[in-house]
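Hello,

Here is the structure I promised to pass on. Please open it first, then read my notes below.

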Amino acid sequence: MSLVSRWVYVLLAIPFFGTLWVPLYDHVQPTLFGFPFFYWYQLAWVPVSVTLTAIVYLVQRSSAPNDLKGPA
Amino acid sequence: MNAALGIFLALFLLVTGLGFWANRWRPGDLSLLSEWGLGGRRFGSVVTWFLLGGDLYTAYTFIAVPALVFGQGALGFFALPYTIVMYPIMFLIMPKLWTVARERGYVTAADFVEQRFDCRMLGLLVAVTGILATMPYIALQLIGIQVVLGALHLEGTGVWSDAPLIIAFVILAAYTYTGGLRAPALIAVVKDALIYTTVLTAVVVIPAHLGGWAAIFAQVPAAKLTFPAPPPHSSGILSGYATLALGSALALLMYPHTVTGVLGAKSADVVRKNAVFLPAYSFVLGLLALLGYLAYAAHLNTLPQFRSGFAHYGPSYAVPALFMRFLPPWFVGVAFAAIVIGALVPAAIMSVAAANLFTRNIYKAFLHPGVSEAGETRTAKLASLFVKFGALIFVLGVPEKYAIMLQLLGGIWIIQTFPSIVVGLYTRWPHRYALIVGWLAGMIAGTAMAASTSFKSVIYPLTIAGYTVPAYAAIYAVLVNLAVIVVATWILKALRVGAGRDGTLDVQMRSI
């Protein structure tokens with residue numbers, strides 16, 4: 001496993017800091033489309049975490065031995 | 001209301017037909033437990049996505065999460081970070097569990113634990129914990145159905161008052177018996193189509209009636225909208241919120257119905273892809289949670305037509321009332337069918353999962369070791385009936401608050417299997433007897449913490465050196481569990497107590 005493919009797993013830790021450190025987002029301002037920050041910030045983490053997991057998935061798939069990919 | 005009832009019954013009939021047809025879908029030898037109980041491990045990425053989505057986001061969630069937001073505000077939104085942080089963990093651990101299960105023919109997580117640590121007793125404890133935690137979860141699905149049937153006035157009178165619920169459940173039990181995991185997998189597709197339609201419609205149509213999102217949030221008191229600043233010498237509710245999200249994520253991954261859904265996939269790659277794409281449901285869940293504020297802004301609990309509903313079902317009535325107030329009757333039928341079908345899918349998977357545990361790790365491990373494969377499957381099918389009717393009797397005979405209480409305890413209990421299952425995937429360092437002692441310590445500590453709040457809350461305010469950190473009791477309890485495992489392993493290894501033989505040694509743990 002290359003250095004890049006090993007370090008890419010660090011990306012999976014990011015959503016934990018982003019969503020579990022509550023003082024970061026426990027406020028109303030700035031609002032977006034009428035949504036207080038508390039709500040739109042957490043909703044925004046859904047696409048962000050999908051992107052991060054997708055990157056890890058693509059990197060590990062391209063670096064993994066063929067038998068890991070399962071039946072095509 | 002007749003249009004609603006007609007649409008509702010038509011959709012219910014559709015999924016009943018699908019359920020009974022399921023045993024002919026992708027035919028396999030249904031006398032094998034891996035065929036009945038795991039759908040033959042043949043589900044591809046798309047079916048697994050529907051199956052796990054239908055499994056993890058239950059009807060109770062659709063009722064309870066908005067109800068919590070309606071009643072308590074921001075705290076109820078923990079469901080969103082909960083279902084965000086779950087997937088990176090799933091991405092790491094579940095492909096490993098899938099791989100070892102596939103290679104060794106394991107049907108349950110307890111199978112893995114038993115073989116990995118060469119300890120039938122540990123397998124039994126993992127299985128019993130799983131069954132104990134699952135039963136009240138099934139019961140809550142029934143309560144979700146009850147609320148909707150009540151809103152549709154689908155109640156018999158006198159001794160027949162629960163007849164519609166019983167009929168729905170007997171039908172569910174019958175097609176789960178014949179089709180196994182295939183039945184909920186097929187129905188999940190309909191369920192998710194209905195849920196997405198309902199939620200997306202509701203979050204567009206209903207706010208327009210209430211003057212838009214800004215006006216809705218403006219009606220919610222500031223104390224509900226965000227958390228107050230923590231009091232001195234305490235982290236306040238902020239740590240409660242974060243640990244509730246993290247602990248619930250760890251717990252949900254350990255529930256038998258999650259493991260069953262994962263093991264039904266056809267490859268480790270399918271599991272990884274699903275960890276990437278399942279959060280689509282989390283987004284919908286976040287929107288759904290906000291329905292609680294719509295109900296709040298519409299003052300539904302003060303309207304005369306809903307007064308008896310709220311008196312009977314409490315905040316759980318918020319979502320059904322919201323739909324009836326603002327959506328056309330035919331669409332109310334669609335929405336209510338979505339909730340009921342959304343209860344049937346997880347209830348079916350949960351009963352299959354509990355039946356697999358009973359068959360493998362109690363019946364075969366202790367009662368009838370020489371049982372044939374066909375005998376195993378027969379036992380599991382019967383066990384799935386017992387599990388479902390046990391939950392039904394529980395819901396009909398015991399006040400609802402006890403089901404909720406037991407479900408809260410279930411989360412604290414199931415997380416105690418995390419060290420055996422997840423740590424076990426990475427290392428065999430913990431001693432098998434240390435895992436047993438740790439489990440026991442975690443169960444006792446977690447239950448005691450919940451008992452200290454009279455089982456009303458799962459947030460336990462731990463005070464160390466004058467500083468209070470309120471946190472989800474499951475997290476504290478699993479930390480106790482892990483600490484005991486470390487100490488007990490040191491002692492047992494120093495005493496040279498045998499650690500048994502690793503039954504997974506010849507499996508190449510090829511995934512990372």
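Where in H5(B) is the kink centred? The kink in H5(B) is centred on Met90(B) and comes to about 40°. The bend at a residue is the angle between axes fitted to the seven residues ending there and the seven starting there.

This is a predicted model: local features need pLDDT of at least 70, side-chain atom pairs count only at pLDDT 80 or more, and totals for chains, interfaces and linings use all residues. Residues are numbered from 1 along each chain as its sequence is written, while chains are lettered from A and ligands numbered from 1 in the order in which they are written.

More on H5(B). Helices are DSSP runs (H or I, at least four residues), numbered from the N terminus. Of the 26 residues in H5(B), 20 are buried (20 or more other C-beta atoms within 10 Å of a residue's own, C-beta atoms being placed from the backbone). Gly105(B) follows H5(B) and has a positive phi, near 75°.

Now the chain contact. In chain B, 37 residues are in contact with 32 residues of chain A (C-beta atoms, placed from the backbone, within 7 Å). H5(B) gives the most to the side of chain B that touches chain A: eight residues.

One helix pair is worth a look. H3(A) and H14(B) pack at about 155°, with axes 8 Å apart. Axes are lines fitted to C-alpha atoms over the stretch in contact, and angles run from 0 to 180 degrees between N-to-C directions. H3(A) is therefore roughly antiparallel to H14(B) (over 145 degrees). Among the residues that meet are Tyr57(A) in H3(A) and Arg272(B) in H14(B).

Best wishes

Key. Contact = placed C-beta atoms within 7 Å. Helix = DSSP H or I, 4+ residues; strand = E, 2+ residues; numbered from the N terminus. Parallel < 35°, antiparallel > 145°, perpendicular 65-115°, else oblique. Buried ≥ 20, exposed ≤ 12 C-beta atoms within 10 Å, placed from the backbone.
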